[in-house]
Amino acid sequence: MEMNSENLEENLYPSESELDDDALEQEIKTNITEISPITKQYLQSVNQIRVEGNHFFIGDGRSTVCVTVISDEIIRVRMAPQGIFLIDFSYALSPEDYRISRIDIYEDDIIYRISTNTVSCTIQKINFHISFSDRDDTLINEDEYPMHWEENTEFGGYYVYCTKKTVPTESFFGLGDKPTEFNIRGKRFTLWGTDTYAFAKDQDPLYRNIPFYIGLNNGIAYGLFFDNTFKSFFDFGHQEEDKVSFWADGGELNYYYIHGPHMMDVVKRYSSLTGRHPMPPLWALGYHQCRWSYFPEKKVKDIARNFRDRKIPCDAIYLDIDYMDGYRCFTWNKKYFPDPKRMIRELKADGFQTVVIIDPGIKVDENYYVYKEAKEKNYFCRRCDDYFMEGHVWPGRCQFPDFTNPEVREWWGDLFKEYVEMGIAGIWNDMNEPAVFGLGTFPNDVRHNFDGKRGSHRKAHNIYGMQMVRATYEGLKKLQGKRPFTITRSGYAGVQRYSSVWTGDNVASWEHLRLAGTMCQRLSISGVSFCGSDIGGFTGEPDGELFTRWIQLGVFAPLMRAHSAGDTPEREPWSFGTLYEDICRQYIELRYKLLPYIYSAFWEHYRYGFPILRPVVMHEQGNMDNHFRQDEFTFGDKILVFPIYEPGIESVEVYLPRGKWYFFWDNKIHKGGNSVQVDTPLDILPIFIKAGSVIPEYPVMQYTQEFEIQELSLNIYYSDYLVNSFIYEDQGEGYGYENQHYIERKFYVSGNDTNFYINQNTEGNFSPRYENYRIKIIGLPFKVNKVLIDGWENNTFTQDNAHTLIILCDKNFKNIEVLS
Ligand code: MIG
């Protein structure tokens with residue numbers, strides 16, 4: 001293909017202002033002067049390079065690649081096949097202030113290299129291969145082929161491709177909710193959110209679209225975020241063992257290389273791009289009871305009564321689609337729920353928050369205000385020939401708001417006004433892949449506003465659900481003036497800024513219990529920490545054992561919600577007889593005792609970007625065995641659990657990362673770096689606490705904040721090395737935490753054969769009502785003679801035979817010395 005040099009100049013070098021200019025036409029302008037057959041086109045030899053600030057424009061005479069240094073550890077790569085970049089717009093990003101300490105540039109005849117103080121991006125001039133290495137010149141990731149594309153004759157634009165090298169020892173993780181092994185090497189996936197009732201192991205795709213993965217090779221981790229909302233594909237050495245590819249049906253080849261070397265660094269940096277969950281209301285971390293559906297009101301009240309009578313803690317009760325009038329969103333079936341406001345008030349008086357479902361399908365009904373309003377305002381999605389997008393869902397014939405239109409989102413958010421006035425605490429967004437009976441989802445030609453950037457459903461499908469829950473979240477936030485609780489089924493990268501998620505329509509089987517454990521870990525490292533599975537399995541019938549083991553797993557899921565399909569027998573914690581009920585109660589109580597720990601882990605996510613669930617490989621990525629461990633994981637970094645994923649099992653072998661660990665049930669100490677055998681009768685979930693941890697504990701309450709606590713218990717596990725912990729508390733509600741109205745306490749503990757020290761310092765200006773700690777020090781290797789608190793001798797301590805020490809002390813202590 002010939003190009004004249006004038007055009008070439010013009011197209012190779014878009015200025016920085018052009019890159020961000022929304023006025024730039026979205027269509028791809030080409031300079032093709034003669035038509036050649038459509039084949040895959042590859043970048044050729046580099047022949048132009050131009051620098052503009054932190055952007056590096058590199059061309060081959062036809063195409064341009066833009067390499068941008070985002071931060072010291074994040075480098076972005078974009079490709080414009082014909083030299084013109086698309087409008088730079090992303091629903092995923094929530095950029096922070098990034099640090100760029102320095103950028104060094106090196107060029108010789110063979111390469112061009114852009115380096116920050118941690119990472120280098122090298123471009124081979126001869127073949128346009130791009131690679132990333134660290135400052136020690138360790139090669140981390142490199143192209144196998146130059147980036148490539150193929151013209152899409154049906155829709156315009158290009159299929160865009162990137163293929164990288166991989167070696168057999170490299171492992172891969174991430175990608176959201178895939179129901180398969182934790183390590184995804186050797187597999188291929190599609191991102192195209194799909195309603196998958198009773199999904200099977202290895203089924204693909206499911207509901208979420210998170211184009212982010214982590215590679216781990218030779219002990220070095222890096223991340224790759226392919227920010228493209230079109231249907232996209234990832235192949236991790238499936239088609240060819242030595243290649244990893246990702247590609248999409250349209251849009252731009254636009255990815256972020258995220259440097260490690262630790263998986264934790266990668267996950268944190270990914271969250272600096274796509275954002276974090278804001279703090280949830282404390283009640284949302286309690287136990288949630290859901291079912292399709294609880295109705296009429298009497299049934300809802302019965303369920304609530306049972307929780308309180310049986311003394312099983314519970315904070316939230318859900319209303320599924322049957323609460324509505326003919327499945328019309330924002331309406332009530334007055335026969336079942338004659339006075340919802342009163343019901344919600346009464347439930348709240350008893351400590352229950354009410355969460356209700358809202359789907360995207362709006363019934364076509366001229367007598368229904370939501371339909372009428374949206375129709376008048378032209379808010380519904382349309383087909384390419386301007387017909388409305390109509391499809392059948394629960395209400396019958398429906399039209400669907402275009403949540404990619406900011407005005408529609410605003411309108412949608414305001415629809416919750418009445419619900420908020422009624423006292424509804426949270427909203428559950430379902431069917432937002434979007435799901436349509438028969439069709440599966442919208443046809444490709446449906447048009448979307450795409451925040452003014454325009455696009456078809458090909459471009460908007462994968463972000464439709466996220467924009468729906470965003471509208472819901474933003475509306476609630478405005479109307480409630482406090483922290484909203486939302487839960488969504490679909491979502492794209494960044495959905496965590498607006499919502500929690502559940503893993504969708506799983507099955508009451510042991511295989512699915514294991515999948516739930518794996519999927520929640522995967523979601524957690526993919527940016528979506530606030531996740532959970534339908535406890536008990538949505539479809540099918542669990543027996544008491546499976547349900548009980550699922551409750552145990554649920555205690556250690558950030559979102560703890562039981563849910564079940566309407567055609568299954570009733571499924572509450574008491575549905576399987578008292579043996580199971582007692583164990584379920586014991587574990588739900590454990591959840592409530594651990595609430596301050598769980599809340600603190602959430603804060604750690606919100607403030608520092610740590611995922612809440614952490615796979616073992618994240619603790620010890622250098623150990624190849626850990627690349628395949630998926631059963632045990634830690635919640636935060638202090639508590640390790642090994643959920644039981646099989647029936648009738650008498651014992652399991654639990655691998656403990658290095659360090660020392662206490663078995664939660666008997667406080668016996670175990671050395672990490674090894675596996676230990678643990679007996680697993682039904683009432684035992686293997687739980688280990690890391691030595692040196694300070695684990696706060698609340699008394700059992702029937703719902704969060706049922707009563708003001710009198711003192712805070714701290715369980716401190718002796719350690720002979722220095723360990724820090726922290727505890728976070730605030731009002732449990734509202735936005736005071738954004739203005740220092742919280743308290744973050746940091747503890748440092750260390751010990752030796754004769755002494756043990758605890759230091760505390762605090763940040764923030766929230767002061768809980770209680771004055772004292774009740775400290776319990778577990779595992780002391782010596783008999784205590786003296787306890788000094790801030791230098792003063794304290795005589796309130798008691799020590800038992802197992803050397804467990806109890807101290808009562810002021811919550812504001814600075815240091816405690818425990819001396820033999
Ligand atoms: O077509 O609202 O995944 O949790 O109970 C089924 C009824 C629609 C699917 C959700 C499930 C919910 C159900 N919904």
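Modeller: Strand 44 (residues 694–697) and strand 45 are joined by 4 bridges and run antiparallel. Strands here are DSSP runs of E, at least two residues long; helices are runs of H or I, at least four long; both are numbered from the N terminus. Two strands pair if DSSP finds at least two bridges between them. This is a predicted model, where local features need pLDDT of at least 70, side-chain atom pairs count only at pLDDT 80 or more, and totals for chains, interfaces and linings use all residues. Residues are numbered from 1 along each chain as its sequence is written, and side-chain values use heavy atoms, with hydrogens and water left out.

Stay with strand 45. V694 stands opposite I716 of this strand. Strand 45 also pairs with strand 49 (residues 772–778), through 7 bridges, and these two run parallel. There, Y717 faces I778. Buried means under 20% relative accessible area, exposed means over 50%, and partly exposed is in between (1.4 Å probe, protein chains only).

The D320 side chain has an N or O atom 2.5 Å from a ligand oxygen. For W394, a side-chain N or O atom is 3.0 Å from an oxygen of the ligand. D430 has a polar side-chain atom 2.7 Å from a ligand nitrogen. On its own, the ligand has 350 Å² of accessible area, and the protein covers 96% of that. Such areas come from the Shrake-Rupley method with a 1.4 Å probe; for residues, only the protein chains shown count as cover.

R489 turns up again beside E433. E433 sits in the loop between strand 27 (426–429) and strand 28 (447–448). E433 is buried, at 0% relative accessible area. Leaving out residues up to four places away in sequence, E433 touches R489, S490, H461 and D195, among others. Touching means contact, with heavy atoms within 4.5 Å.

Next, the backbone. Most residues other than glycine have a negative phi, and most peptide bonds are trans. D204 and P205 are joined by a cis bond, with omega about -5°. P205 lies in the loop between strand 14 (188–191) and strand 15 (208–209). The bond from F295 to P296 is cis too, with omega near -5°. P296 lies between strand 21 (287–289) and helix 4 (297–310), in a loop.

L175 is not a glycine, yet its phi is about 80°. L175 is in the loop between strand 13 (171–174) and strand 14, and it is buried, with a relative accessible area of 0%. K311, also not a glycine, has a phi of about 55°. K311 is placed in the loop between helix 4 and strand 22 (316–319).

Methods. Polar contact = N/O pair within 3.5 Å; in protein donor to acceptor, adjacent residues only side chain to side chain.
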